[in-house]
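Please look over the model shown here before reading the briefing. The notes take up its overall dimensions, its secondary structure and its sheet.

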Amino acid sequence: MANLKINGKTINVDVEDDTPLLWAIRENVGLTGTKYGCGIAQCGACTVHVDGVAMRSCGVTVGEVAGKDITTIEGLAAGGVMHKVQLAWIASDVPQCGYCQSGMIMAVAALLKENPKPSDDDINDAITNICRCGTFQQVREAIHAAANA
Amino acid sequence: MNQHVMPKLNRRAFVIGTATAGAGLALGLDLPFGGPSVVRAADGAPEVNAWVVIRPDDTVVIRIARSEMGQGTLTGLAQLVAEELECDWSKVTTEYPTPGQSVARKRAWGDFSTGGSRGIRTSQDYVRKGGATARVMLIQAAANEWKVPAAECKVSNGVITHAASGKTTTYGKVAEAAAKLEPPADVKLKDPKDWTIAGKGLKRLDTVDKTTGKMIYGIDVKLPGMLNAAIKDCPVFGGKVKSFDEAKISGMKGVKKVVPVGDSAVAVVADTWWHAKTALDALPIVWDEGDNARVSSETIAKWLAEGLDDEQPAYVGNQNGNAKAAIASAAKKVEAVYSYPYQNHATMEPMNATVLYTPDKCEVWCGTQNGEAAFAAALEASGLPAEKVDVHKLMLGGGFGRRGMTDYVRQAVAIAKQMPGTPVKLLWSREEDMQHGKYHPVTQCKLTGAFDADNNLVALHYRLSGQSILFSVRPEALQNGMDPAAFQGVAQSGEAAIGYSVPNLLVEHSMRNPHVPPGFWRGVNVNHNAIYMECFMDELAQAAGQDPLEFRRKLMGKNPKHLAVLNAVAEKIGWDTSAPKGIYRGIAQVMGYGSYVAGAAEISVTDGSKIKVHRIVASTDPGYVVNPAQVERQIAGSFVYGLSALFYGGCTVKDGRIEQTNFDTYNSMRINEMPKVEAVMVPSGGFWGGVGEPTIGVAAPAVLNAYFAATGKRIRSFPLRNQNISFA
């Protein structure tokens with residue numbers, strides 16, 4: 001049993017404390033925008049925000065984040081208005097298969113919060129998500145567009 | 001190991017093989033029902049024809065049979081239909097007919113297979129006709145209502161007008177009447193130069209849901225009462241389960257059942273996948289690994305190397321003149337041996353399928369590149385007749401060829417069959433996905449070139465040794481034992497023809513099929529053939545003391561389309577001007593999937609081993625470009641996929657199994673390693689080529705040839721990490 005605060009709501013989930021946050025979000029809370037890609041914090045498809053910081057949810061347990069503010073892709077839009085990163089993503093038509101994009105967008109939203117005008121080098125250092133389709137140049141374009149929005 | 005032998009075709013292998021490729025439906029399946037003539041859309045709107053449904057509010061639903069896996073085909077096909085339909089693009093949505101519906105209507109939607117870069121090029125004709133036919137019927141319905149000749153009516157953006165009477169109506173208002181009309185026998189398609197919707201870089205139709213987390217992929221399916229399954233197949237391909245100790249895990253939280261899957265795998269079914277996986281990891285399984293457990297990358301490499309010997313039998317795929325004799329008497333001879341490893345598709349979404357089986361019905365929900373192949377697999381695995389089976393296609397989290405195979409569908413049905421009435425979602429762990437791929441095949445190639453005294457290339461002998469995909473996947477497609485696809489990119493003619501004319505040419509393949517299952521991996525055989533040929537062309541140019549571009553140009557006089565794309569990249573990268581200090585260039589070209597492509601790279605190299613790719617230019621002539629924005633993305637994505645494989649990829653075999661288990665051992669490029677790709681589209685018209693795959697062929701050789709320019713070193717075995725070469 002754990003109380004998870006996800007997208008502003010406190011949800012009581014019946015899972016063991018050592019359950020990876022990713023699986024609690026997907027299977028117990030039922031939010032499937034956060035994706036499973038590797039389970040070993042390599043690919044970033046499962047990135048969410050924990051107290052505003054981008055984290056790979058496959059690599060943290062429910063016990064470690066109980067009571068903390070967790071935001072998933074479904075909670076990124078505030079008050080029905082899409083986040084500027086999402087808007088930039090749509091404007092640049094970034095996704096191909098789209099499977100990695102929830103995690104990519106969450107990683108970028110966290111980056112812009114910390115560094116509102118990242119340089120290309122800053123992007124290279126901060127964004128380490130895998131995209132097998134190879135959307136990187138649209139990702140980069142959209143990050144700059146969101147930063148300037 | 002099968003050594004260069006003709007496979008025995010028993011009926012079972014034949015049906016399975018063809019089912020995998022999607023053609024199985026045509027074989028021996030007597031379908032007992034005709035199906036309704038009009039299929040209502042989910043909300044009850046009528047279809048004008050198989051491709052077009054129009055709702056009373058003028059929303060246009062375009063049916064798409066091919067699968068969207070990121071490549072943009074969904075949007076491109078919708079553009080082609082909408083172009084002929086003359087509807088309002090802002091009102092277009094799409095839906096997938098199910099394979100069951102298609103079969104019930106005598107394959108009304110044609111081929112579902114989405115591979116070989118065929119999504120658009122091999123259905124463009126009939127989907128455009130579908131749009132044009134619907135347009136004619138809609139106009140006719142309005143004309144009938146107004147009692148005027150249809151020829152006097154015009155349509156634009158879904159609004160029909162009759163100028164003389166000033167009457168106007170919309171598609172939504174006449175769709176019901178149009179659906180009852182006889183379709184015209186023949187329709188004329190627009191000249192692509194008059195296109196206003198097709199040919200434009202319109203936004204994708206699926207972007208918004210992919211940025212909000214709302215898009216439902218196979219892995220996201222939820223059904224009432226659904227359970228979840230995790231699976232372990234014998235890590236040695238061809239091995240079997242000897243025993244498993246269910247008692248050890250039956251008390252673990254959430255576990256409902258432990259089931260055998262075929263004779264080689266075990267699955268744990270639990271309330272959640274995490275519980276299923278945790279229990280599966282704790283399940284003691286004893287494998288009968290069989291003789292394949294003795295195979296390693298080393299034993300495979302040794303066996304393939306033997307196939308490079310001219311004494312060994314080989315299939316001839318392309319020849320003119322007498323290459324062996326010309327080489328024997330040549331003034332100068334150059335020889336090199338290359339090899340290319342196994343590669344995993346590593347789609348971001350691991351394999352999965354959800355199945356609800358009852359004795360009366362088997363329904364499958366999954367991402368698949370071939371709905372009909374998934375349908376055929378479900379049919380066979382369930383044992384039910386066609387009218388009791390269906391497949392609901394969902395968005396694919398990557399395909400790259402992997403999801404054209406149906407192993408995961410077959411497994412999911414086998415599991416669900418042991419739990420009738422309960423929907424079960426089978427999801428592979430990343431580790432299972434890495435170790436049970438359908439791998440890019442392994443090959444080696446010995447290339448020999450010969451020059452006359454004036455440094456003219458007089459002979460080329462291209463001897464390939466290694467694995468055939470068709471031998472394993474579609475043995476019925478072999479031609480007297482020969483795999484014609486093995487010569488993709490170096491064939492005499494057709495959709496993957498060689499671009500060079502050499503007076504004496506011999507291209508041959510010694511087929512050697514290790515036990516590791518091969519599959520169609522983005523680019524398929526074009527990948528290694530382009531690397532071997534284009535790197536060796538650079539070697540030949542060097543031996544002749546000529547510029548690599550000029551050397552190629554002299555051999556390409558009879559292949560103007562190949563040459564045109566090569567010239568286009570050369571111009572764009574500035575080949576005639578010297579590169580900035582410390583920057584080195586490489587160039588390559590190939591034909592594949594009916595399209596002509598070329599690429600050029602600018603790189604710098606630090607300490608001889610750290611590569612930074614500064615610039616990539618790529619040119620393609622696919623005949624027609626349906627959506628330039630998506631073509632540009634496919635070109636760039638091909639470089640990411642191809643260079644990831646070149647630098648980081650390579651699946652190795654030890655004790656009969658694949659050693660790589662996750663992205664820590666099978667890495668993929670990140671944003672910091674990838675420059676912008678400058679795409680140059682030069683569609684010359686008159687043919688329809690594919691886009692998703694051909695460019696990958698030039699990705700690796702463009703960079704490798706630049707690496708030689710920078711260092712004077714040729715790399716002939718991959719991935720580069722094995723040579724301690726990495727991204728800077």
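The points below are grouped by topic and concern a predicted model.

Chain A holds 6 helices and 5 strands, and from the N terminus on these elements follow one another as β-β-α-β-β-α-β-α-α-α-α. The 5 strands form an open sheet with mixed pairing, and helix α4 of chain A packs on that sheet.

**Overall dimensions and packing**

- The radius of gyration of chain A is 15 Å, which agrees with the value near 15 Å that a compact globule of 149 residues would have.
- Taken along the principal axes, the box filled by the C-alpha atoms of chain A is roughly 40 × 30 × 25 Å.
- Of the 149 residues in chain A, 60% are buried.

- The edges are formed by β2 (9-13) and β4 (53-56) of chain A, each of which pairs on one side only.
- From one strand to the next, the twist averages 40°.

- In chain A, strand β3 (residues 47-50) pairs with β4(A) in the antiparallel sense, over 4 bridges.
- Opposite A:Arg56 in β4(A) stands A:Thr47.
- Helix α4 (residues 101-114) of chain A touches both β3 and β4 of chain A as it packs on the sheet, and its direction makes about 35° with that of β3(A).

Key:
Residues are numbered from 1 along each chain as its sequence is written. Chains are lettered from A and ligands numbered from 1 in the order in which they are written. This is a predicted model: local features need pLDDT of at least 70, side-chain atom pairs count only at pLDDT 80 or more; totals for chains, interfaces and linings use all residues. Two strands pair if DSSP finds at least two bridges between them. Helices (H or I, at least four residues) and strands (E, at least two) are DSSP runs, numbered from the N terminus. Axes are lines fitted to C-alpha atoms, for helices over the stretch in contact, and angles run from 0 to 180 degrees between N-to-C directions. Two residues are in contact if their C-beta atoms, placed from the backbone, lie within 7 Å. The radius of gyration is taken over C-alpha atoms; the globule rule is 2.2 Å times the number of residues to the power 0.38. A residue is buried if 20 or more other C-beta atoms lie within 10 Å of its own, exposed if 12 or fewer, and partly exposed in between; C-beta atoms are placed from the backbone.
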